[in-house]
Amino acid sequence: MRHLTRELWMNTPGRRQIVSLQAEVEGLVRESGVQEGLVLVNAMHITASVFINDDEPGLHQDYKRWLEQLAPYDPSPSRYQHNRTGEDNGDAHHKRQVMGREVVVAITGGQLDFGPWEQIFYGEFDGRRRKRALVKIIGD
Amino acid sequence: MRHLTRELWMNTPGRRQIVSLQAEVEGLVRESGVQEGLVLVNAMHITASVFINDDEPGLHQDYKRWLEQLAPYDPSPSRYQHNRTGEDNGDAHHKRQVMGREVVVAITGGQLDFGPWEQIFYGEFDGRRRKRALVKIIGD
Amino acid sequence: MRHLTRELWMNTPGRRQIVSLQAEVEGLVRESGVQEGLVLVNAMHITASVFINDDEPGLHQDYKRWLEQLAPYDPSPSRYQHNRTGEDNGDAHHKRQVMGREVVVAITGGQLDFGPWEQIFYGEFDGRRRKRALVKIIGD
């Protein structure tokens with residue numbers, strides 16, 4: 001079994017940001033030499049998501065607005081007990097659960113086995129510092 | 001390592017439909033000959049989900065109604081900027097994130113290693129044409 | 001390819017409970033001898049989740065309250081048709097979809113390849129009896 005492990009570091013100067021990981025993951029699949037297998041891509045932070053959807057800026061704005069409705073930012077501990085710890089990111093821990101921690105993608109014939117519009121993104125909900133995603137590839 | 005890859009095509013004449021993939025995935029696990037491994041089942045469309053839950057029609061109706069509350073259908077671009085692109089399916093991209101893109105299931109002793117009520121479904125939120133899910137099996 | 005399969009049984013006397021699986025999964029990764037691979041941890045019940053987030057009791061209370069807002073407990077069949085079957089757990093099938101069924105985690109150098117605060121939890125939304133999660137490890 002072949003395997004490849006890589007941390008992808010990125011800058012997320014804003015609190016909420018969506019960053020494409022598509023080209024980097026495609027490159028790592030090639031580098032791994034795996035022809036048939038699986039690739040796991042996950043956020044290494046618990047206020048962030050890795051998800052697959054459309055590379056369309058309007059949709060990414062929609063996601064940010066919708067997540068703000070489902071789990072509004074509120075630094076007080078009245079809405080999020082988590083903020084009693086001195087954090088102000090209780091909302092981000094909730095947004096991440098809606099969007100998911102990770103994706104698992106098939107590798108077939110040495111390539112990501114994707115439908116027509118699938119693209120991999122990192123979604124950060126408590127940024128303003130360097131963050132990272134993990135890529136793990138296994139297969140033959 | 002053994003592997004098997006298969007696209008499952010289906011008709012989804014309605015906009016919102018939930019289709020069982022259980023029998024087909026069980027058949028592919030047998031066909032693969034894998035005794036110990038993992039199977040990935042994912043939607044190949046970004047307005048659709050693959051999820052595991054109960055095979056109970058009332059629950060499936062409940063999901064559709066609940067998702068309509070969380071992310072209502074609205075073809076205008078006022079709610080979903082995504083619909084400025086000429087699409088009317090902004091809602092479906094949100095519904096898919098709640099229900100998830102994919103499932104990963106253990107294969108043990110040549111069978112899906114499931115609890116008592118687990119069943120695999122494809123959930124389409126912008127149907128009215130042929131759609132597909134991907135099955136990728138790896139293991140020994 | 002090495003593999004290990006284990007069911008983790010637990011008591012969940014309350015209807016809603018969050019239980020750490022972290023130490024048990026770490027122990028199974030060691031026991032498996034897998035140095036490079038993947039571990040799948042999934043709920044074997046369709047009213048429960050396995051998720052990764054912070055080991056912080058305030059946050060766990062926040063999740064319970066938030067899920068109650070998104071999918072309130074209501075034993076009547078007026079809100080959840082599923083409860084026409086004689087069940088009263090329609091809400092739990094919805095809460096589980098928000099939090100997810102499973103996680104897939106990389107194993108690197110014989111250990112869970114985690115960011116600084118990642119911890120694995122079982123979240124039960126219709127407990128009051130013994131429940132179980134499945135751990136499946138594959139790799140070299």
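Arg128(C) is partly exposed, with a relative accessible area of 43%; buried means under 20%, exposed over 50%, and partly exposed lies in between (1.4 Å probe, protein chains only). This is a predicted model, in which local features need pLDDT of at least 70 and side-chain atom pairs count only at pLDDT 80 or more, while totals for chains, interfaces and linings use all residues. Residues are numbered from 1 along each chain as its sequence is written, chains are lettered from A and ligands numbered from 1 in the order in which they are written, and side-chain values use heavy atoms, leaving out hydrogens and water.

**Positive phi values**
- Arg128(C) is not a glycine, yet its phi is positive, at about 75°.
- Arg128(C) sits in the loop between strand S7 (119–124) and S8 of chain C; strands (E, at least two residues) and helices (H or I, at least four) are DSSP runs numbered from the N terminus.
- In chain A, Arg128(A) has a positive phi near 75° and is partly exposed at 43% relative accessibility.

- Two antiparallel bridges join S5 (residues 102–108) to S6(C), and Ile107(C) has Leu112(C) as its bridge partner in S6(C).

**A covered helix in chain B**
- Helix H3 (residues 90–99) of chain B is mostly covered, with 10 of its 10 residues buried.
- Among them are His93(B), His94(B) and Met99(B).

Technical notes: Pairing = 2+ DSSP bridges.
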